[in-house]
Amino acid sequence: MNRKEKILAHLKSSAPSTGTQLTQYLGISRQALSVHLKELIAAGKVIKTGSTKNAQYYPGDATLPSSTFSRPVQLGSTDESIMYDIMSTTLNLKSELKPNVDAIIHYAFTEMLNNAIDHAKTDLGRISVTLEPGTINFEIRDYGIGIFHSIASKFQLEDENAAMLELIKGRITTMPSAHTGEGIFFTSKIADTFELRSHRIGMEWDRNKDDTFVSQIRSLKGTLVRFSIRRTARQMLEEVFNEFAPQDYDYQFQKTRILVKLLQSEYISRSEGRRLTHNLHKFREIMLDFKGVNSIGQGFADEVFRVFKHQYPEISINVTHTNGVVNAMIQHVKVQ
């Protein structure tokens with residue numbers, strides 16, 4: 001029986017086990033044990049809970065209980081930092097989560113709860129945080145005016161779909177004196193999955209698929225936020241800030257990435273081009289991701305890659321995932 005088999009056999013009979021117990025059982029160093037455990041965890045044969053010296057290990061097919069913190073909140077009298085501290089203490093997150101995951105949850109939870117407090121225009125809300133063996137998830141629900149309706153009303157947009165497009169660009173807020181418009185953008189980039197649902201629009205960001213999905217849902221009053229991340233996740237909060245608010249830009253949110261396909265798979269007219277570039281003058285670097293876009297028209301391409309670029313020559317516009325048809329049209333208008 002090799003060491004991995006010995007680890008699994010021991011966990012079958014003596015779960016949970018700590019790292020110290022496993023090293024004593026196997027007679028190996030902590031470093032050697034760590035190598036075997038990482039491979040077993042990656043293969044789904046071992047489950048790890050907790051972090052560092054508080055970590056415990058179970059066989060991969062173990063059924064572990066989840067812990068949930070759930071309660072209604074009066075948004076008008078709620079402080080997001082105090083609520084996070086209460087929730088974190090109740091679920092013992094400092095011991096249960098790796099430091100990077102704890103930092104991500106702290107940021108995402110407080111940002112999304114603060115959004116509900118400041119923007120929902122209601123006092124009715126509910127929060128729920130579930131610590132499962134493999135993931136930590138939270139939901140924040142308010143029963144207010146709805147995130148897309150709020151943006152559409154504030155900026156006099158044509159509909160909530162237009163508000164959705166503005167939201168994914170980043171740096172949009174209905175309260176510029178108190179908010180930067182960064183919270184949802186950065187939260188969507190750091191989650192494993194992140195979901196916004198309001199009225200008849202559902203949006204989901206999936207980190208593993210590197211994609212964003214939009215769907216029509218049954219009408220939902222207010223706004224529902226769902227966030228999930230693996231407890232073994234390796235991403236770091238600072239990675240997102242370094243990518244979109246890098247040192248070159250004095251750590252300011254000056255870069256954005258837009259998945260162009262979100263509203264349609266073909267863009268033809270100049271008005272569609274103006275809609276896409278609306279408010280993008282706030283950024284210094286723009287990445288347009290054409291994944292899933294079949295073709296674009298000359299008017300659309302000219303508006304984005306010549307007219308907008310002529311108005312704001314200091315802004316860098318880059319593209320990715322263009323097919324031959326899209327790329328040919330972009331190159332055509334650039335030489336006009």
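1. Let us start with a word used throughout this note: a residue is buried when its relative accessible area is under 20%, exposed when that area is over 50%, and partly exposed in between, using a 1.4 Å probe and protein chains only.

2. A friendly caution before going on: the model is predicted, so local features need pLDDT of at least 70 and side-chain atom pairs count only at pLDDT 80 or more, while totals for chains, interfaces and linings use all residues. Residues are numbered from 1 along each chain as its sequence is written, and side-chain values use heavy atoms, with hydrogens and water left out.

3. Now the overall picture. The protein chain has 13 helices and 12 strands; these are DSSP runs numbered from the N terminus, with helices (H or I) of at least four residues and strands (E) of at least two. Its C-alpha trace spans about 75 × 50 × 40 Å along the principal axes. Of the 336 residues in the protein chain, 48% count as buried.

4. How does the chain meet itself? Contact here means heavy atoms within 4.5 Å. Among contacts in the protein chain between residues at least 6 apart in sequence, 67% join residues at least 24 apart.

5. Back to Asn-100, which sits in helix H6 (residues 99-119). Leaving aside neighbours within four places in sequence, Asn-100 is in contact with Ala-233, Arg-234, Gln-235 and Met-236. A polar atom of the Asn-100 side chain lies 2.9 Å from the backbone oxygen of Ala-233.

6. Next, please look at Asp-211 in strand E7 (residues 211-230). Is Asp-211 buried or exposed? Asp-211 counts as buried because its relative accessibility is 10%. Not counting residues up to four places away in sequence, Asp-211 touches Glu-204, Trp-205, Asp-206, Leu-259, Lys-261 and Lys-291. With the side chain of Lys-261, the side chain of Asp-211 makes a polar contact of 3.2 Å. A polar contact is a pair of N or O atoms within 3.5 Å; within protein, one must be able to donate a hydrogen and the other to accept it, and residues adjacent in sequence count only if both atoms are side-chain atoms.

7. Helix H8 (residues 160-169) deserves a point of its own. How many of its 10 residues are buried? The count is 9 of 10, and the helix is mostly covered. Among the buried residues are Ala-162, Met-164, Leu-165 and Ile-168, along with the charged-type residues Glu-160, Glu-166 and Lys-169. The buried residues of H8 pack against helix H7 (147-154), helix H9 (183-190), strand E6 (193-206), E7, strand E8 (255-259) and helix H11 (270-277).

8. Both ends of H8 are worth a glance. After the helix comes Gly-170, whose phi is positive, near 90 degrees.

9. On to the aromatic rings. Rings of Phe, Tyr and Trp (its six-membered ring) pair if their centres lie within 6.5 Å; planes under 30 degrees apart count as stacked, over 60 as edge-to-face and the rest as tilted. By this rule there are 14 aromatic pairs. One of them is the edge-to-face pair of Phe-109 and Phe-138, 5.5 Å centre to centre with 85 degrees between the planes. This pair links distant parts of the chain, as Phe-109 is in helix H6 and Phe-138 in strand E5 (residues 135-142), 29 residues apart. Phe-109 is buried with a relative accessible area of 0%, and Phe-138 is buried with 2%.

10. A second pair, Phe-185 and Phe-253, is tilted: 4.8 Å centre to centre and 45 degrees between the planes. Phe-185 lies in helix H9 and Phe-253 in the loop between helix H10 (237-244) and E8, so the pair ties together parts 68 residues apart in sequence. Phe-185 and Phe-253 also belong to one aromatic cluster with Tyr-107, Phe-186, Phe-241, Phe-244 and Phe-283.

11. Finally, two loop residues. Lys-121, in the loop between H6 and strand E4 (124-131), has a positive phi of about 60 degrees although it is not a glycine. Lys-121 is exposed, with a relative accessible area of 69%. Gln-156 is in the loop between H7 and H8, and its phi is near 55 degrees, a positive value in a residue other than glycine. Gln-156 is exposed too, at 73% relative accessible area.
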